[in-house]
Amino acid sequence: MSNVTKKDPKKGTLHSGPTSISKIPAPKHWVSPVPFGLGKIKPKHIRDTMKVAWENKDNLKYATNILTKGVCDGCALGVSGLYDQTLKGPHICTTRLNVLRLSTMPPLKEEIVHADVDRLRQYSSAELRKMGRIPYPLIRRKGENKFSRISWDGAMDMIAEKMKTLDPKQYAFYLTSRGITNESYYTAGKVARFLGTNHVDNASRICHSPSKTALKRSVGIGASSCTYKDWIGTDVLVFWGSVASNASPVSTKYMLAAKKKGTKIIVINPYKEPAMDKYWVPSNAESALFGTQVADDFYQVNIGGDIAFMHGIMKYWFEMEEEQYGSAINHAFVQDHVNGYEELKTKVDELSWEKIIHSSGMSKERIRELAELLANSKNAVFAWALGLTMHSFATDNISQVANLALLRGYLGRENAGLMPFRGHSSVQGTGEMGADPFVLPGGGWDEDNVKRIEELWGFDLPKWQGDIVGVNLEHAALPDDHEKKLKLYYMSGGNFLETMPNPEFIEKALSEVDIRVHQDIILNTSTLVDAKEAVIVLPAKTRFEQEGGGTSTSTERMVYFSPEIAGNKQPVEEARAEWKIYVDLAKRVKPETAHLVNFETAQEIRDEIAKANPDYDGIQHLKKQGDVFQWGGAWLCEDGVCPTPDGRGNLIPIDIPNLEKPEGTFYVTTRRGKQFNSMVFKETDPFNNAGRYDVLLNAEDANTLNIVEGEGIVVYNQHGVFQGKALFTDIARGNIGLHFPEGNFLIPKGIYDSPSGIPQYSVAVKIEKAERFNARKDIDYLEKKLEDDEIDAPV
Ligand code: SF4
């Protein structure tokens with residue numbers, strides 16, 4: 001990509017390529033003039049890097065080749081080799097280094113693979129992960145306590161024979177984003193439909209489906225409207241419910257570049273996350289030495305209080321407008337490009353400040369500060385993550401962000417836009433490839449798109465609505481004779497036990513299917529759960545072993561090509577490329593027509609993706625290391641023209657959710673420590689020294705409960721009991737934080753954001769000193785079951 005911004009007749013303005021970070025020192029952003037953050041709690045990047053080099057010493061050359069030639073299989077920020085499209089200079093982080101071992105480690109030893117499953121269950125997923133890769137197909141039938149070896153033919157025939165006996169509504173596919181390529185997602189989505197089922201879901205939907213649903217209804221798009229480069233030099237960069245620095249460490253380098261160009265960074269989160277406060281960017285000498293004060297300001301909103309907070313901002317804008325027309329609203333943009341102004345204004349006018357303040361937990365003065373900052377800023381980028389998406393009102397949360405952007409005209413141009421900040425590598429491509437119950441490649445289930453895909457694929461699609469993963473799991477637990485009973489669950493990656501709410505129920509659900517298939521690289525705790533007939537484990541190739549390479553799509557819609565990388569000294573000889581396994585399955589279940597889903601090479605898949613999803617026209621030309629293109633150009637909705645039926649964005653009046661909870665209860669939410677999704681790399685968070693069982697608590701709240709720092713406390717509700725230790729942190733009063741997945745026991749199953757189907761991950765809880773709880777639990781808690789409505793406040 002050149003440094004000159006170009007326009008393409010179809011895509012609009014093209015991304016202008018990487019820029020440079022200013023080398024002029026900016027001491028005003030330093031954390032401290034004391035070098036290397038001595039005496040401060042902070043990650044030890046150099047020590048961690050040396051540790052990774054040591055871990056990979058048995059396959060060092062291959063590890064180096066992966067880092068220098070492959071596309072990172074860590075987070076969704078996206079990088080090819082060591083270079084990205086945002087900033088010149090090297091791009092690498094400890095998350096990437098930590099996941100590297102998954103691709104370089106040897107197969108599991110025989111004594112582990114065939115050990116008693118009860119012994120294996122004593123290991124955590126982190127311990128299982130470190131033991132090595134799944135060496136060959138495995139099976140554990142009902143009543144057996146060890147996995148035994150099975151041939152590929154034996155395993156695939158068994159799955160296929162079972163599928164042939166079932167109604168396609170009785171089996172489901174699930175793919176998580178661990179390194180999976182667009183080619184595999186596309187093939188899985190197509191094969192699922194070929195086999196007759198629409199139960200095909202993926203991890204990206206669990207994290208960001210509300211973003212897609214909300215952006216579609218608000219501005220007609222399903223992806224970030226802008227690029228990371230738009231952060232650099234925008235007036236205000238807002239991270240809403242996102243700890244981007246922890247999830248995607250190199251994003252801090254972009255933030256640093258942005259600050260050097262005068263951008264103000266605002267973080268909105270109940271907890272003042274230390275990684276968004278101060279960071280030592282290792283690849284920038286100035287920041288590595290003196291640190292960078294990342295956020296200019298934190299707004300510590302209540303868990304679930306974001307909608308009210310945003311209403312407060314708009315209410316203040318409308319008040320400013322009464323004083324002076326045009327002082328807050330971009331009327332030209334609204335008139336030319338936006339529907340629903342009066343309806344939204346009426347909604348906001350009806351809301352009292354009292355209600356806004358109560359729900360958001362923010363004072364009027366603080367709301368006013370941010371409202372004024374935005375009103376005086378020509379440009380802003382809003383980025384958000386799971387703090388907004390994991391609620392039963394998540395789609396409304398995101399549409400509310402879009403409301404702010406539309407009123408100010410922050411859309412479709414340089415340094416302005418809406419960015420769902422995504423998690424795993426390639427997660428953006430999952431739905432775009434059609435591995436999702438609600439979409440097909442290139443569109444939804446509307447008549448035209450269904451007809452188009454049927455013509456391209458050459459077979460009829462099942463016309464019923466597929467279920468989301470949470471519902472599939474609920475159906476797995478149904479009695480055998482129930483018409484909705486799920487009997488075979490085919491999973492590519494993932495660990496539901498450690499990602500979904502209510503792990504006890506999840507274990508039951510997983511064990512109640514007849515056959516469970518785990519297509520994966522490693523064993524984890526979910527793999528070890530029983531099944532009614534058999535658990536089948538299939539060894540998958542990593543992204544870097546896949547014949548013909550593979551592509552992945554980043555948060556900013558860059559489609560990167562990752563080549564097949566030779567030289568693995570410790571290969572898993574029997575592992576197969578994931579897309580090949582799906583094709584093989586189709587051939588066994590429906591041999592007569594399997595030619596319709598047959599792919600011989602990865603290139604054939606890319607050729608077909610280019611036709612199936614017109615946005616991906618260009619993917620067929622990606623053939624070698626470094627090849628990349630951005631679908632949609634630099635800005636979606638360019639010049640304010642949205643891909644909605646009338647070309648205009650829609651302001652949507654949103655209700656403030658009812659967050660009332662009984663007196664004396666708290667809202668709990670979960671957060672990540674030193675981990676990548678559910679993969680925990682360290683028991684202690686290097687940013688705040690929190691252990692995995694520490695409860696992040698406001699000191700004043702603790703005071704009211706006579707809790708002292710470090711003492712044992714119990715967090716409980718009708719769904720579970722969490723025994724931990726009090727850690728006083730800067731978190732908004734009335735809110736507490738636990739680590740994910742340890743805190744999942746408190747989260748109820750079956751509560752979803754209805755438009756998007758994402759599970760809710762926050763709930764009301766009580767807190768008590770452990771000594772009191774444990775002394776009285778027999779009489780107070782266990783015998784007298786907590787009533788559901790006692791603390792099950794609607795959120
Ligand atoms: S920030 Fe994300 S994409 Fe970049 S190296 Fe780290 S894990 Fe990989």
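**Helix packing and the ligand shell**

Mentor: Helix H8 (residues 182-194) and helix H26 (residues 602-612) pack with their axes 10 Å apart, at an angle of about 70 degrees. This is a predicted model: local features need pLDDT of at least 70, side-chain atom pairs count only at pLDDT 80 or more, and totals for chains, interfaces and linings use all residues. Residues are numbered from 1 along each chain as its sequence is written.

Trainee: How are H8 and H26 oriented to each other, roughly perpendicular or roughly parallel?

Mentor: Angles of 65 to 115 degrees count as roughly perpendicular, under 35 as roughly parallel, over 145 as roughly antiparallel and the rest as oblique. H8 and H26 are therefore roughly perpendicular.

Trainee: Which residues in H8 meet H26?

Mentor: Two residues are in contact if their C-beta atoms, placed from the backbone, lie within 7 Å. Asn 182, Glu 183, Tyr 186 and Thr 187 in H8 meet Ala 602, Ile 605, Arg 606 and Ile 609 in H26. By class, this contact has four nonpolar, two polar and two charged residues.

Trainee: Which residues come nearest to the ligand?

Mentor: A residue is near a molecule if its C-beta atom, placed from the backbone, lies within 6 Å of it. Around the ligand there are 14 residues, of which Cys 72, Gly 74, Cys 75, Cys 93 and Val 250 come nearest. The shell has eight nonpolar, five polar and one charged residues.

Trainee: Why does the ligand lie between domain 1 and domain 3?

Mentor: Both domain 1 (33-104) and domain 3 (209-423) give residues to the shell, so the ligand lies between them.

Terms used: Axes fitted to C-alpha atoms, helices over the stretch in contact; angles between N-to-C directions. Helix = DSSP H or I, 4+ residues; strand = E, 2+ residues; numbered from the N terminus. Nonpolar A, V, L, I, M, F, W, Y, C, P; charged D, E, K, R; others polar. Domains from an automatic or database assignment.
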